[in-house]
Amino acid sequence: GDNPGEEEHLLNRYFIGNNTNYIRNFFKTIYGENYEKYVLFLNKTPVYTKRTDLLKGHSGIEETQKIMAELIIDIEERKPVPVWIMGHSHLKDLFKIFWSKIKNMNNLFVFNHPSRTHFLRDVEKAFGGGRKITKDEFCHFSPKECENILKGLQDKKLELGHKEKYLNVL
């Protein structure tokens, strides 16, 4: 994500709340109750604001982006794993330092905003075969279906989620 929302800030935990709980449930379906052994949720900056655009001019924003990007790179170098960036912000200039640091990673996949509807649309493009997938259907995929979605979303043959689609603007 971009930065912590109010609930994340209060609970000191990333990717919680209405927009992101379904992402946690998606990974829980694949990996089980202990999914956090396999999935790490981070933000581009740990600086909290009520709205992302309020980060502009915030002291330390550049330094925290640099640190978070270096952390992600370090983790991926130690254990090559797919890195999903959920939230290719419309505020590209605000996160320019972050994107410039990570843009050459091999296992990087960039997606739209981490709301249910954006992720659902991405899944529909990849697997819907032209049909709409209902929110209820999405929330009740089987573990095998979720594994297939995960594999497909990470398949570099798909334009969906492929970093060049998003990072060529830098």
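# Briefing: surface patch, side-chain contacts and fold

Leu40, Leu71 and Ile75 make a nonpolar surface patch of about 250 Å². Patches are built from residues with over 30% relative accessible area and no salt bridge, with like charges joined within 9 Å and nonpolar side chains (Val, Leu, Ile, Met, Phe, Trp, Tyr) within 5 Å; accessible areas come from the Shrake-Rupley method with a 1.4 Å probe, and for residues only the protein chains shown count as cover. The model is predicted: local features need pLDDT of at least 70 and side-chain atom pairs count only at pLDDT 80 or more, whereas totals for chains, interfaces and linings use all residues. Residues are numbered from 1 along each chain as its sequence is written, and side-chain values use heavy atoms, with hydrogens and water left out.

**Overall fold**

- The secondary structure of the protein chain comprises eight helices and two strands; helices (H or I, at least four residues) and strands (E, at least two) are DSSP runs numbered from the N terminus.
- Read from the N terminus, the elements follow the order α-α-α-β-α-β-α-α-α-α.
- Of the 170 residues in the protein chain, 42% are buried, where buried means under 20% relative accessible area, exposed over 50%, and partly exposed in between (1.4 Å probe, protein chains only).

- Tyr22, Ile23, Arg24, Phe26, Phe27 and Ile30 are buried in H2.
- Leucine 40, one of the residues of the nonpolar patch, lies in the loop between H2 and H3.
- With a relative accessible area of 58%, leucine 40 is exposed.

**Salt bridges**

- The whole structure contains six salt bridges, each defined as a side-chain nitrogen of Lys or Arg within 4 Å of a carboxyl oxygen of Asp or Glu.
- Arginine 24 and glutamate 36 form one of these, at 2.5 Å from N to O.
- Arginine 24 lies in helix H2 (residues 21–31) and glutamate 36 in the loop between H2 and helix H3 (61–78), so this pair ties together parts that are twelve residues apart in sequence.
- A network of salt bridges links Arg13, Arg24 and Glu36.
- Arginine 51 and aspartate 53 form a further salt bridge, with the closest N and O atoms 3.0 Å apart.
- Arginine 51 is partly exposed at 48% relative accessibility, and aspartate 53 is partly exposed at 30%.
- Arginine 78 bridges to aspartate 74, with 2.9 Å between the closest N and O atoms.
- These two residues are four apart in helix H3, a separation of about one helical turn.
- Arginine 78 is exposed at 68% relative accessibility, whereas aspartate 74 is partly exposed at 29%.

**Aromatic contacts and a charge over a ring**

- Five aromatic pairs are found in the whole structure; rings of Phe, Tyr and Trp (its six-membered ring) pair if their centres lie within 6.5 Å, and planes under 30 degrees apart count as stacked, over 60 as edge-to-face and the rest as tilted.
- Tyrosine 31 and tyrosine 38 are a stacked pair, 4.9 Å centre to centre with 20° between the planes.
- Phenylalanine 98 and tryptophan 99 have ring centres 5.5 Å apart and planes at 80°, so this pair is edge-to-face.
- Tyrosine 31 is partly exposed at 33% relative accessible area and tyrosine 38 is exposed at 53%, whereas phenylalanine 98 and tryptophan 99 are buried.
- Phe15, Phe27, Tyr31, Tyr38 and Phe41 form one aromatic cluster.
- The charged end of lysine 44 sits over the ring of phenylalanine 95, 5.4 Å from its centre; the criterion is NZ of Lys or CZ of Arg within 6 Å of the ring centre and within 35 degrees of the ring normal.

- E1 pairs with strand E2 (residues 108–111) in the parallel sense over four bridges, the requirement for pairing being at least two DSSP bridges between the strands.
- Tryptophan 84 stands opposite phenylalanine 109 in E2.
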